[in-house]
Amino acid sequence: MTVVTATSLGLVSLGAPAAPSLEAIALEAAAKLEGAPAEEIAKWATDTFGARFCVTSSMADAVVAHLFSRVSPGVDVVFLDTGLHFPETLKVRDTVARTMNVNVRSIRPLRTVGQQDGEYGPRLFARNPDECCFMRKVEPLERALSDYDAWATGLRRDESPTRANTPVVTFDARKGKVKVNPIAAWNQQDVDSYISRWDVPVNELFKKGYGSIGCWPCTRRTKAGEDPRAGRWAMFEKTECGLHV
């Protein structure tokens with residue numbers, strides 16, 4: 001007796017529909033959440049990705065970490081400890097770890113500053129800042145993100161021309177992950193209002209003339225009328241460390 005099956009008829013069962021790709025999820029969310037409150041964007045991110053989601057923070061301020069602590073208590077907050085941060089920056093990190101309901105993860109480069117100096121020569125940041133940023137920021141972030149499908153940043157459109165078109169949700173094809181920018185549409189007044197309302201920790205260097213804060217060798221005070229990021233890598237044609245390009 002011949003048994004007729006779906007296979008014999010040329011019909012192959014496809015099973016359950018394939019789950020949407022991370023890129024498809026990001027594209028749909030970008031359209032849906034544009035113009036939404038930051039809290040709604042944050043909730044979407046944590047609801048969608050759960051434990052496969054983290055927040056990244058440079059600890060210039062703790063606005064995004066605080067935002068997510070309200071929406072998803074216990075969320076992971078990744079801080080890239082380059083070994084070249086200002087003490088004021090580390091103070092914000094420690095305050096966040098001590099006072100907020102988040103899990104701060106300090107990720108260090110594979111080499112200490114001394115080991116990097118020994119292998120590549122001293123003051124690499126002054127000779128090849130791209131290479132220094134890669135070893136002390138880009139590679140550590142990629143290593144940290146291996147545990148996650150998506151992460152949040154504090155990028156804002158008003159920070160610089162290179163960030164003017166920052167979407168609230170996007171897909172980072174190079175990393176293969178969803179990138180969430182819940183305060184992309186905020187301006188400085190929005191940030192200041194949030195800080196005042198919730199008493200959020202802020203880097204003390206902002207009161208000393210710094211517009212944007214990174215590693216101490218590559219950050220200077222900004223002058224009146226300058227772009228907030230003009231004090232970063234001021235001696236080079238460089239505006240980004242490589243984390244967001």
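Axes are lines fitted to C-alpha atoms, for helices over the stretch in contact, and angles between N-to-C directions run from 0 to 180 degrees. The model described here is predicted.

On this basis, helix α1 (residues 22-33) packs with helix α2 (residues 38-49) at an angle of about 155°. The two axes lie 12 Å apart. Angles over 145 degrees count as roughly antiparallel, so α1 is roughly antiparallel to α2. The crossing of the two helices, α1 and α2, is right-handed.

The contact draws on residues from both helices. From α1 come L22, I25, A29 and L33. These meet E40, I41, W44, T48 and F49 in α2. By class, the contact of α1 with α2 comprises 7 nonpolar, 1 polar and 1 charged residues.

Aromatic pairing was examined next. The structure holds 6 aromatic pairs. One of them joins W44 and F49. Its ring centres are 5.7 Å apart, with 90° between the planes, and the geometry is edge-to-face. Both W44 and F49 are buried. W44 and F49 are also among the α2 residues that meet α1.

A further pair is formed by W186 and Y194. Their ring centres are 5.7 Å apart and their planes stand at 45°, so this pair is tilted. W186 has a relative accessible area of 16% and is therefore buried, the cut-off being under 20%. Y194, at 7% relative accessibility, likewise counts as buried. Ring pairs also bring in W198, linking W186, Y194 and W198 into a cluster.

Key:
Residues numbered from 1 in each chain as written. Predicted model: local features only at pLDDT ≥ 70, side-chain atom pairs only at ≥ 80, totals over all residues. Heavy atoms only, no water. Helix = DSSP H or I, 4+ residues; strand = E, 2+ residues; numbered from the N terminus. Parallel < 35°, antiparallel > 145°, perpendicular 65-115°, else oblique. Left-handed = near helix turned anticlockwise from the far one by under 90°. Contact = heavy atoms within 4.5 Å. Nonpolar A, V, L, I, M, F, W, Y, C, P; charged D, E, K, R; others polar. Phe/Tyr/Trp six-rings, centres within 6.5 Å; stacked < 30°, edge-to-face > 60°. Buried < 20%, exposed > 50% of the residue type's maximum accessible area, 1.4 Å probe, protein only.
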